[in-house]
Amino acid sequence: MDINNKAIRKNTAFIATVYNEADTIRPFLESLAGQSVLPAEIVIVDGGSTDGTVKIIKSCFRDFSLPVRVNIIQEEAGISRGRNIAIKAARSEVICVSDAGCILDRDWLGTLASNAGPDTVAGGYSAALANSFLERCLASAVVVLPHQVKEDRFMPSSRNVCFYKSAWERVGGYPQNLDFGEDMKFNFFLKNQGYRIKFVPRAVVRWLMRTSLSSIFKQFFRYAKGDALGRMYTYRHGLRIGSAAVFLAFLTLIFTVSWWFLLPLALLLLVYSRPAFFRVGYVFEGRRCCKKAAAIMLLPFLLAYIDLAKLCGYFYGLAIRRRI
């Protein structure tokens with residue numbers, strides 16, 4: 001990897017927080033070191049890893065011999081506080097953010113940073129990194145394709161975002177009272193202060209899909225819990241609660257009145273799953289038709305499972321919020 005001859009983008013920092021990422025940190029840092037344009041500095045905050053993550057990070061940077069400032073901070077901190085610590089420690093004005101467990105496309109940093117400005121937040125496209133059948137089904141269920149992104153509603157994940165440090169300071173940083181959903185709340189802070197959020201589809205980060213049903217449930221439970229605590233997406237969760245009530249009503253009619261109510265329920269499930277069905281061809285490109293057919297059959301159940309996790313997480317978050 002020829003690093004020393006690469007261009008360095010002045011006044012630009014890359015920041016990330018990590019916690020027990022021994023299995024994913026090396027590919028992540030290799031993709032960072034492989035950028036066509038390097039940041040002037042890298043700041044990584046470790047939240048108290050116990051699996052040797054920090055040792056691997058230091059080994060990677062020794063191997064890469066990056067011609068940039070590298071700052072590794074070890075402090076027991078959640079992701080919001082960790083990001084705030086990293087940004088505060090950065091000397092640069094332009095801040096690029098991503099997460100371990102991701103792979104950055106070669107031109108990611110240069111493309112994203114060139115689209116950010118004093119009043120503009122740039123967010124890239126987060127593509128799925130999926131290998132197993134379940135991972136590809138999950139990608140079909142939840143990862144929108146670039147042309148499906150609605151730019152007027154786009155809210156970037158902090159696995160793929162760039163903003164000015166002055167903007168971060170103005171809104172008070174990432175909300176440290178949230179463990180999950182903190183990046184969406186940060187986006188709302190920025191929008192409320194008049195910052196423009198720009199979608200940059202050519203800035204691609206590929207993020208690992210969850211590998212088991214239990215980890216999928218936990219992931220979306222936590223996201224919805226963060227929404228409840230952060231008072232975000234109330235309308236969206238209201239629709240989900242209403243949809244669950246309709247589903248339960250149909251089940252009651254099926255078991256108490258007539259099995260014919262299965263027909264409208266099946267039609268509703270097809271409409272509900274339609275966007276995910278369209279993504280199967282893209283996610284399973286080059287795979288056998290039998291796998292695509294199996295994915296289409298599984299998707300309605302997977303989507304319902306994800307919505308169940310979100311409902312549980314949202315109600316749990318509401319209960320915690322009332323106690324607080």
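Helix axes are lines fitted to C-alpha atoms, over the stretch in contact, and the angle between two axes runs from 0 to 180 degrees between N-to-C directions. The close-up views below are taken from a predicted model.

**View A. Packing of helices α5 and α10.** Helix α5 comprises residues 133-142, and helix α10 comprises residues 262-283. The two helices pack with their axes 8 Å apart and at an angle of about 130°. Helices α5 and α10 are therefore oblique to each other. The crossing in which α5 passes α10 is right-handed.

View B. The patch on the surface is formed by F255, W259 and L262. Together, these nonpolar residues have about 390 Å² of accessible area. L262 belongs to helix α10, the helix that packs with α5. With a relative accessibility of 40%, L262 counts as partly exposed, because that class lies between the limits of 20% for buried and 50% for exposed residues.

**View C. The salt bridge between R69 and E41.** In this pair, the closest N and O atoms are 2.3 Å apart.

**View D. The salt bridge between E75 and R81.** The side chains of E75 and R81 meet with an N to O distance of 2.5 Å. E75 has a relative accessible area of 31% and is partly exposed. R81 is likewise partly exposed, at 33%.

**View E. The salt bridge between R106 and D107.** The closest N and O atoms of R106 and D107 are 3.8 Å apart. R106 counts as exposed, at 54% relative accessibility, while D107 counts as partly exposed, at 40%.

**View F. A network of salt bridges.** Three charged residues, R83, D99 and E182, are linked in this network. Across the whole structure, a search finds 8 salt bridges, among them the R69 and E41 pair of View C.

Key:
Residues numbered from 1 in each chain as written. Predicted model: local features only at pLDDT ≥ 70, side-chain atom pairs only at ≥ 80, totals over all residues. Heavy atoms only, no water. Patch = residues over 30% accessible without salt bridge, like charges linked within 9 Å, V, L, I, M, F, W, Y side chains within 5 Å. Areas by Shrake-Rupley, 256 points an atom, 1.4 Å probe, with all protein chains shown as cover. Salt bridge = Lys/Arg side-chain N within 4 Å of Asp/Glu carboxyl O. Helix = DSSP H or I, 4+ residues; strand = E, 2+ residues; numbered from the N terminus. Buried < 20%, exposed > 50% of the residue type's maximum accessible area, 1.4 Å probe, protein only. Parallel < 35°, antiparallel > 145°, perpendicular 65-115°, else oblique. Left-handed = near helix turned anticlockwise from the far one by under 90°.
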